[in-house]
Amino acid sequence: MSFPQPVEVNLTHQPHASTHRRTRQVMSRALQRVGMLMLVLVTAIGGVSLAVAEPAAAAPSRSAIVNAAEAQLGGSACDPGYYNSCGIEWCAEFARWIWKRGGVTDVSGLDAWAQSFKRYGQNRGTYHARSSGYTPQPGDAIVFDWDRGPDDHPIDHVAIVVSVTSSTVNTIGGNQGPDSRVTRGSFPRSEIDIDGYVEPSGLDSGGRATADYDGDGYSDMALYRPDASNGSTWWANSYKKGGQILSDVNYGGAADIPFSGDFNGDGHADLALFRRDCTNGSTLWIKDQRNNTQLAPGVKVGGCKDIPVPADYDGDGKTDFGMYRRDCTNGSTWWAYSVAKDAQVLADHNYGGCNDIPVPGDYDGDGIGDLALFRPDCANGSTWWVKDVRHDQDIFGGLKWGGCNDIPVSGDFDGDRSADLGLYRQDCATGSSWWVYNSMDRKQTIGGLKIGGCADIPAPADYDGDKVTDLGLYRQDCTNGSSWSLYDSAENKLLLSGHKWGGCKDIPATSTKTA
């Protein structure tokens with residue numbers, strides 16, 4: 001079968017097509033002041049209001065902000081209009097309308113001035129100058145200063161960040177183009193007219209920790225203990241608190257596949273299992289361990305050879321149950337079911353080969369899980385394939401990186417809020433090692449870091465709560481006792497080494513079976 005080929009994406013810098021052009025700076029500012037004055041006068045004399053109704057807010061998330069912006073492409077100041085946009089320079093009105101529509105509740109201090117966004121960020125500590133090295137995130141506001149001079153109104157334009165690469169920031173903004181509409185923009189991240197970026201207050205500053213069973217923002221060391229005789233059990237130990245969170249919680253069958261995820265969005269990991277059954281149909285079992293209630297009590301979903309690939313495929317802040325179905329004849333496919341919505345969010349999406357290993361994650365930082373695959377190839381070199389399914393374009397299309405026996409993993413190993421390509425290379429002769437490739441900067445950031453044994457199971461997660469994925473390993477040992485080792489990839493130091501906890505057949509719940 002042929003593998004989907006990468007999509008060519010034009011990332012060249014396009015001239016900014018805003019009505020806030022340098023040649024119109026003075027006029028634009030004057031018009032905006034006049035427009036603001038008109039609004040004040042209308043209010044003062046009790047005249048007809050020109051304001052547009054408050055937008056209905058979505059659940060707050062970066063992807064909701066991006067979705068809101070994309071839904072308004074082609075819009076204008078008076079049709080449909082954004083707050084008080086009709087009759088004034090309206091880029092800031094559009095941007096704050098989009099934030100509100102995307103679920104941002106804290107918009108206090110934002111008004112029709114683009115400068116208000118920079119002031120908003122400075123007051124809350126969420127403003128980042130372009131020169132600071134900050135990686136902009138989808139949903140951020142991007143603020144521009146055309147002349148970069150000392151005046152009373154330094155910010156000339158504001159738009160919404162919708163996607164980012166290592167070199168380019170892509171935006172959607174209002175009052176742009178020859179017709180002054182909502183349009184797209186694309187800029188080099190080194191563009192000197194970019195003053196900086198503003199994060200909306202109240203959104204999670206990074207991804208939620210996986211396998212966080214007590215909701216404290218730290219990943220927990222979690223284990224699933226298969227037991228056909230007495231019933232399988234769940235166990236969880238907190239690195240932060242140094243004690244057990246879950247102990248001998250009976251839930252599941254001996255052949256079930258455990259995985260981690262927050263399927264109802266309450267900030268706590270749920271107990272999740274996939275039960276393959278070629279006779280009666282495979283089923284999904286998910287339990288809210290806090291309230292002891294079933295979220296998915298044997299829901300019939302998936303095939304008997306499907307591989308669980310949990311991720312947030314619709315950007316609602318909740319984990320969805322994803323499945324990768326290998327098929328050497330018709331082509332392998334991706335499927336996803338939303339437990340929260342009781343609905344399919346991805347169906348029969350053809351992408352991948354029949355020997356590929358799925359490694360889902362948010363590789364472009366837009367808050368939505370991407371389809372990702374590692375293709376082992378001892379002859380020609382192993383490759384990575386990652387697709388942004390929402391925009392139907394490749395993030396990586398056949399990147400040669402890795403060995404044919406490496407174990408692929410996903411995680412944000414540098415804290416830039418996008419998943420990186422990770423590999424654990426088991427080596428009994430010279431020592432096992434970790435390798436990480438930054439998906440935003442397109443470069444290797446960890447190469448051959450010697451940590452771990454040749455039979456250890458990789459279980460990367462954010463165990464110390466710093467929004468950076470740590471290198472985690474579980475070593476099954478029936479003789480001396482099984483153990484955990486954790487390495488802080490941000491500070492380059494060991495957090496735990498040979499910590500004895502677990503049984504010799506236990507399965508770490510932060511990793512997912514890929515076969």
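**Salt bridges and buried residues**

Asp 316 counts as buried, because its relative accessibility is 18% and the cut-off for a buried residue is under 20%. The model described here is predicted. In this model, Asp 316 forms a salt bridge with Lys 341, with 3.9 Å between the closest N and O atoms. Lys 341 is located in the loop between E16 and strand E17 (343-350), whereas Asp 316 is located in the loop between strand E14 (307-308) and strand E15 (321-325), so the pair ties together parts that are 25 residues apart in sequence. Lys 341 has a relative accessible area of 47% and is therefore partly exposed.

Asp 316 is also one of the residues in contact with Ser 338. Ser 338 belongs to strand E16, which covers residues 333-338. This serine counts as buried because its relative accessibility is 0%. When neighbours within four places in sequence are left aside, the contacts of Ser 338 are Asp 314, Asp 316, Asp 320, Ala 343 and Val 345. Between Ser 338 and Tyr 313 there are 8.5 Å in space, C-alpha to C-alpha, and the two are 25 residues apart in sequence.

The count of salt bridges comes to 21. One of them joins the side chains of Glu 70 and Arg 184, at 3.8 Å from N to O. Asp 266 is partly exposed because its relative accessibility is 24%. Arg 290, with a relative accessible area of 43%, is partly exposed as well.

Lys 287 lies in strand E12, which covers residues 283-288. This lysine is buried yet has no salt bridge. The nearest side chain of opposite charge belongs to Asp 288 and is 9.4 Å away; a salt bridge requires the nitrogen and the carboxyl oxygen to be within 4 Å. Not counting residues up to four places away in sequence, Lys 287 touches Tyr 251, Asp 270, Leu 271, Asn 292, Thr 293, Gln 294 and Leu 295.

Note on methods
Residues are numbered from 1 along each chain as its sequence is written. This is a predicted model: local features need pLDDT of at least 70, side-chain atom pairs count only at pLDDT 80 or more; totals for chains, interfaces and linings use all residues. Side-chain values use heavy atoms; hydrogens and water are left out. Helices (H or I, at least four residues) and strands (E, at least two) are DSSP runs, numbered from the N terminus. Buried means under 20% relative accessible area, exposed over 50%, partly exposed in between (1.4 Å probe, protein chains only). Lys and Arg count as positive and Asp and Glu as negative; His and the chain ends are not counted. Contact means heavy atoms within 4.5 Å.
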